[in-house]
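Hello,

Here is the structure I promised to pass on. My notes follow below it.

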Amino acid sequence: MTFRVATFHLGAPRGVAAPRLRIAVVADLHACRPVMGARQIEAIVARVNALEPDLICLLGDYAGHAWGTRTLTPGEAIPPLLRLNAPLGVVAVFGNHDWGDDRAAFRREAGESRWHRAFREAGIATLVNEARRMTAGGVPFTLAGLDSQMAHGKRAGDGEDDLGAVALDPDLYTILLAHEPDIFAELPDHVDLTLAGHLHGGQIRLFGRAWVCPSRFGTRYARGLFREGTRQMVVSQGLGCSGPPIRVGARPEITVVELA
């Protein structure tokens with residue numbers, strides 16, 4: 001498996017003090033054999049660690065969803081992730097396929113999915129509609145995370161996200177982890193940076209156009225850096241595949257965000 005490292009250098013347009021941070025983003029693993037087995041995940045982990053990030057963010061969709069493949073269980077997919085290492089730690093949120101991989105959770109018969117439970121039992125920190133205050137280089141900031149906006153389907157109200165439950169301090173630089181990028185259009189100005197995945201950059205891009213983007217905004221937030229007012233968002237192309245087990249014109253990527 002070959003993948004690229006895409007790096008974005010950002011400032012703080014709102015004027016609040018931003019921490020000096022190198023953040024490595026791992027999105028959309030879709031762990032399955034033979035496309036994204038344990039060996040491929042181990043290679044990704046080694047490359048992320050070699051980048052020496054201050055913070056590693058996992059943006060969901062750990063469950064496989066590619067045609068003709070076998071989805072890895074949490075017990076197979078998570079152990080390689082335990083070798084991720086960064087001074088400020090590893091923090092995860094969950095995606096729609098992490099809910100869809102668990103029939104009871106998807107049908108609202110369980111309050112969380114087996115991926116939620118497995119991450120907790122493995123000791124990987126998660127942010128499920130919550131925030132934590134952190135400090136980098138003496139500068140405090142907020143790291144927040146939302147659960148999937150499409151946990152139970154694509155209709156309004158089918159998500160498990162709850163931004164209102166997240167305690168945010170407008171006076172601190174705020175980083176929000178959200179699997180799906182759609183929330184960006186609704187965020188208040190004091191959410192300075194949103195990190196998202198979900199769309200795979202379109203996964204298959206023919207003649208420069210994304211083939212499929214499961215977003216209510218179409219291809220608007222397919223990949224890359226977006227700015228709306230003082231708010232910024234980086235959408236990772238991610239690493240795995242959903243549906244067709246191939247990518248065309250949207251290479252798998254580890255995304256790095258550098259704040260200065």
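This is a predicted model: local features need pLDDT of at least 70, side-chain atom pairs count only at pLDDT 80 or more; totals for chains, interfaces and linings use all residues.

Which side chain of opposite charge is nearest to Glu180, and how far away is it? It is Arg216, 10 Å away. Lys and Arg count as positive, Asp and Glu as negative, and His and the chain ends are not counted.

Residues are numbered from 1 along each chain as its sequence is written, and side-chain values use heavy atoms, without hydrogens and water.

Back to Glu180. This residue sits in the loop between β11 (173-177) and β12 (193-196). Glu180 touches Ser148, Asn96 and His198, among others; contact means heavy atoms within 4.5 Å.

Now helix α1. Residues 38-50 form this helix, 13 in number. Helices (H or I, at least four residues) and strands (E, at least two) are DSSP runs, numbered from the N terminus. Gln40, Ile41, Ile44, Val45 and Val48 are buried in α1. Seen down the axis, they fall within an arc of 140° (directions from the helix axis to the C-beta atoms), so they line one face of α1. Their cover includes β2 (21-26), β4 (55-58), α2 (74-81) and β18 (253-259). The face turned away carries Arg39 and Ala50, both exposed (over 50%). Just after α1, Glu52 takes a positive phi of about 55°.

Best wishes

Notes:
The expected span of a helix is 1.5 Å times one less than its number of residues. Buried means under 20% relative accessible area, exposed over 50%, partly exposed in between (1.4 Å probe, protein chains only). A salt bridge is a side-chain nitrogen of Lys or Arg within 4 Å of a carboxyl oxygen of Asp or Glu. Lists of a residue's contacts leave out its neighbours within four places in sequence.
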